[in-house]
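Me: I'm new to this one and would like to go through it bit by bit. Can you show it and start with the words for how covered a residue is?

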Amino acid sequence: MAQPATPPLKHELDIVIPTMRNLHFLEMWRPFFEPYHLIIVQDGDPSKSIQVPDGFDYELYNRNDVNRVLGPNANCIAFKDSACRCFGFLMAKKKYIFTIDDDCFVAKDPSGREINALQQHIENLLTPSTPFFFNTLYDPYRDGTDFVRGYPFSLREGVPTAISHGLWLNIPDYDTPTQLVKPLERNTRYVDAVVTVPKGTLFPLCGMNLAFNRELIGPAMYFGLIGDASFGRCDDMWAGWCAKVICDHLSLGVKTGLPYVWHNEANNPFDTMKKEQKGIYWLEQIIPFFQSVVFPKECTTVQRCFIELSKLVKEKLGPIDPYFHQLGDSMVAWIESWEELNS
Ligand SMILES: O=c1ccn([C@@H]2O[C@H](COP(=O)(O)OP(=O)(O)O[C@H]3O[C@@H](CO)[C@H](O)[C@H]3O)[C@@H](O)[C@H]2O)c(=O)[nH]1
Ligand SMILES: [Mn+2]
């Protein structure tokens, strides 16, 4: 009798979900997520109980657990935003992480077939990236394609992929001003492509539908000290900028494109306006800062790069606002916590 196939990376991947709601969205993901272990990080009042549908294998953490586990470093885990998810990254023990927001559902491809987002992330992570030279036919490692004529043979091995950044149909990941002027806009464009983000290029990472190799880049996936600082909704982007400059330095790859999820809930733009206020101003200074980062050659690990980055954040961004001094300190506390829990 044929044995049912073991789902890919079943014992090597954890799914991390930040939440402040009930997790009914998991019902739709049941066929894809049920074989995997879930790490749920509950935001808000720890005395509230979160409903997780039956049949899932999960561990659930709240603020009390963060305080208990991290002690004096607990403040590096921000709440009041999706940033609480990085406590799940700390607690995970597997090599790969897939993280998804609780308002993301299974999307369909143009043929009407449900998309197994996890499987596509795994394919992205298990095949190399090509940050040093752009392949005009997108990801050359996908079935049915290859490197185009003129692609240097010496670069065709690629580099290990650290991050797989998936996209979203329906509610687009817009900032508040864009959301306000286009309240009815929906993303209906399904593009069947995966590309490597080139070396030296930053991008706005969205944490909604994201996977990464925790061994390669885990310590850089820090969603910051966000909650109380009006730097809201920049948690994922902060992780993206830090991780990308470190990937560039360590010759690791970042892919973006497939898979899609269906993003269901539009935030109230008048609420998010307050959250994003400072981030929108700061963005124009933060990006030139990251573009100028050069790591010394002694920075041979993600941890060392991250500590170096924390110093640069304090020195170069500190003059903009005292918040960046706190953020620099919390980056150090994050690395201390990572080393304590993952030594
Ligand atoms: O205070 C909070 C707010 C949210 N969460 C959980 O975080 C994710 C994302 O929340 P939500 O869908 O409300 O926010 P979006 O603006 O659509 O999300 C985008 O912004 C990002 C950065 O904040 C996020 O990664 C993006 O996808 C949900 O699971 C909420 O339950 C929370 O825990 N606490
Ligand atoms: Mn959302």
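Reply: Buried means under 20% relative accessible area, exposed means over 50%, and partly exposed is in between (1.4 Å probe, protein chains only). By that rule Lys182 is partly exposed, at 39% relative accessibility. This is a predicted model, in which local features need pLDDT of at least 70 and side-chain atom pairs count only at pLDDT 80 or more, while totals for chains, interfaces and linings use all residues. Residues are numbered from 1 along each chain as its sequence is written, chains are lettered from A and ligands numbered from 1 in the order in which they are written, and side-chain values use heavy atoms, with hydrogens and water left out.

Me: Which residue does Lys182 form a salt bridge with?

Reply: Its partner is Glu185, with the closest N and O atoms 3.4 Å apart. A salt bridge here is a side-chain nitrogen of Lys or Arg within 4 Å of a carboxyl oxygen of Asp or Glu. Glu185 is partly exposed too, at 28% relative accessibility.

Me: How many salt bridges does that rule give?

Reply: The count comes to 17 salt bridges. Among them is the pair Glu298 and Lys297, at 3.6 Å from N to O. Lys297 is exposed at 72% relative accessibility, whereas Glu298 is partly exposed at 47%.

Me: What about Glu315, which residue does it meet?

Reply: Glu315 meets Lys316 in a salt bridge of 3.4 Å, N to O. Glu315 counts as exposed at 52% relative accessibility, and Lys316 as partly exposed at 47%. Elsewhere, Arg21, Asp102 and Glu265 are joined into one network by salt bridges that share partners.

Me: Why would such side chains pair up at all?

Reply: Side chains of opposite charge can pair when their charged atoms come close.

Me: Different topic. Which residues form the nonpolar patch on the surface?

Reply: Leu180, Val181, Phe270 and Met273, with about 390 Å² of accessible area together. Patches are made of residues with over 30% relative accessible area and no salt bridge; like charges are joined within 9 Å, and nonpolar side chains (Val, Leu, Ile, Met, Phe, Trp, Tyr) within 5 Å. The areas come from the Shrake-Rupley method with a 1.4 Å probe, and for residues only the protein chains shown count as cover.

Me: Which helices supply the nonpolar patch?

Reply: Helix 5 (176-181) and helix 8 (269-292) each supply at least two of its residues. Helices (H or I, at least four residues) and strands (E, at least two) are DSSP runs, numbered from the N terminus. Met273 is found in helix 8 and is partly exposed, with a relative accessible area of 37%.

Me: How does helix 8 sit against helix 9?

Reply: The axes of helix 8 and helix 9 (residues 302-317) come within 11 Å and cross at roughly 135 degrees. That makes helix 8 oblique to helix 9. Axes are lines fitted to C-alpha atoms, for helices over the stretch in contact, and angles run from 0 to 180 degrees between N-to-C directions. Angles under 35 degrees count as roughly parallel, over 145 as roughly antiparallel, 65 to 115 as roughly perpendicular and the rest as oblique.

Me: And helix 7 with helix 8, what is the angle?

Reply: Helix 7 and helix 8 pack at about 15 degrees, with their axes 11 Å apart. They are therefore roughly parallel to each other.

Me: Is helix 4 mostly enclosed or open?

Reply: Helix 4 (residues 117-126) is largely enclosed by the rest of the structure, because seven of its ten residues are buried. Those buried residues include Leu118, His121 and Leu125.

Me: Now the backbone. Where is the cis peptide bond?

Reply: The bond from Leu258 to Pro259 is cis, with omega near 5 degrees. Pro259 is in strand 9 (residues 253-263). Most residues other than glycine have a negative phi, and most peptide bonds are trans.

Me: What is the phi of Asn170?

Reply: Asn170 has a positive phi of about 80 degrees although it is not a glycine. It lies in strand 6 (residues 161-170) and is buried, with a relative accessible area of 12%.

Me: And Ser251, where is it found?

Reply: Ser251 is in the loop between helix 7 (235-250) and strand 9. Its phi is also positive, about 55 degrees, although it is not a glycine. Ser251 is partly exposed, with a relative accessible area of 30%.
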